[in-house]
Amino acid sequence: MIDTTKLTHLLPPKMRDRVDAYLEILSLFSHVRDPRVMAAMAPSGVRGLIFRRGKQGVPTKMPASHAVHFDWTYPSDMPEMHALYVRAKQGQWDGDTYLPWHTSVDPLNPEVPLLPAEFIDFEAMRTAFGIRLSAREQQKFLYSMATWTLSQFLHGEQGALFAAAQVTEAVQFFDGKLYGATQVMDEGRHVEVFHRYLDEKLHRVYQINDNLFVIIDSLMTDSRWDMKFLGMQIMIEGLALGAFGSLYKMTKEPLLRELLKMVIQDEARHVHYGVLALREHIAKELSESERREREDWAFEVALLMRNRFLAYEVYEEWFEGLVSRETWRRFASEVPGMQHFRQVMFSRLVPNLREIGLMSPRILSHYDKVGLMKYFGGQAADRLSGEQYLRELDLAA
Ligand SMILES: [Fe+2]
Ligand SMILES: [Fe+2]
């Protein structure tokens, strides 16, 4: 990250924050070494970070083109995918009847917190911002953070729904297509339950975060199915699984816990499918140069995902004009709850990247530099079912 302090401290607050945002974009892209990765991501970066297309209040049209792969011989080509398909059919659930929607949710009730008070270090906030929040304001702030997080889950689920549909068309494994059909249904249900929870219980949806928009735009508009797959099934799904797990562990709100528990079991299958399909495809179908491009792309997306959790939308609502954007960034990256999120997310993601062959020795020093190598030895998704993952989370609670 470029140190913007010296450059911007003389500007008026509004202009200073705008310059800070542009410098942050420059900094994000300045270290991208592979020109193919830059060429693939830059247009999405411009649409998401500069034009902020996801925040215009109108539907977004993203042009998509990929080859639809038909096979008129209907082969049984991947027994492990077929087994996942069978499990997915048996694991379908109806959000209307499975979840206790009658639960009354008061997001400001400290007895049943959406997020624990320790999620934010309010003392550190007072020191950094010179602002002390009352007990009631602290509760409201935690409500904002919870609603923001769940809103990003909802937007990610919309991306997952469309990406799952595209990949179902494009993938070459026939067992994968059947499996993909169940994932489309799963993602539809996730959009439904997250939206219903936000709408009926929290009464608010935050706009999509710009970094999340860039990743979704980049994989929806890429015509190569394995890039979509890598972006959605490994990066976004892997990170979502970690984030859902982390929130499941932290929240005391019973309806949300139940909702997350059901979604986590579906998501674990989705990531498992991603690992199976890509491990095979990357090892057998791609040249070394193509593999390297995916390896670099995954690293850049991992960095974007890390930055996604800085909740600028919450900053704009609470502190814009009072505290500089840069001060918020420093504070938000140290928030205890966010650190926990990041830790659980990357402990899920990194082993999957290793398993599909996208963590060769050439990239390891980059992961090391951003502190992600400690997750290298973890269990990949094909060895960890949703039930096991939930058990682990419960045991660690
Ligand atoms: Fe999902
Ligand atoms: Fe998913």
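**Exercise 1. Judge the confidence of this predicted model.**

Solution. Start with the mean: the chain averages a pLDDT (the predictor's confidence in each residue, from 0 to 100) of 88. Next, take the share: 95% of the residues score at least 70. Then go by element. Helix α1 (residues 5–8) has the lowest mean pLDDT, 61. Helix α8 (residues 174–202) has the highest, 97. Residues are numbered from 1 along each chain as its sequence is written, while chains are lettered from A and ligands numbered from 1 in the order in which they are written. In this predicted model, local features need pLDDT of at least 70 and side-chain atom pairs count only at pLDDT 80 or more, whereas totals for chains, interfaces and linings use all residues.

**Exercise 2. Describe how α8 packs on helix α11 (residues 254–284).**

Solution. Two packed helices are described by the angle between their axes and the distance between the axes. Axes are lines fitted to C-alpha atoms, for helices over the stretch in contact; angles run from 0 to 180 degrees between N-to-C directions. Here the angle is about 155° and the axes are 10 Å apart. Classes are: under 35 degrees roughly parallel, over 145 roughly antiparallel, 65 to 115 roughly perpendicular, the rest oblique. α8 and α11 are therefore roughly antiparallel. Residues are in contact if their C-beta atoms, placed from the backbone, lie within 7 Å. On α8, the contact includes Y179, D186 and H190; on α11, it includes L259, D266 and H270. By class, the contact has nine nonpolar, four polar and three charged residues.

**Exercise 3. Classify the packing of helix α6 (residues 122–129) and helix α14 (residues 325–334).**

Solution. The axes come within 11 Å and cross at roughly 165°. That makes α6 roughly antiparallel to α14. A124, M125, A128 and F129 of α6 make the contact with T327, F331 and E334 of α14. These divide into five nonpolar, one polar and one charged.

**Exercise 4. Do likewise for helix α10 (residues 225–250) and helix α15 (residues 336–355).**

Solution. The axes come within 8 Å and cross at roughly 140°. That makes α10 oblique to α15. Among the contact residues are G238, G242 and G245 of α10, and G337, H340 and S347 of α15. The contact has 11 nonpolar, eight polar and one charged residues.

Key. Helix = DSSP H or I, 4+ residues; strand = E, 2+ residues; numbered from the N terminus. Contact = placed C-beta atoms within 7 Å. Nonpolar A, V, L, I, M, F, W, Y, C, P; charged D, E, K, R; others polar.
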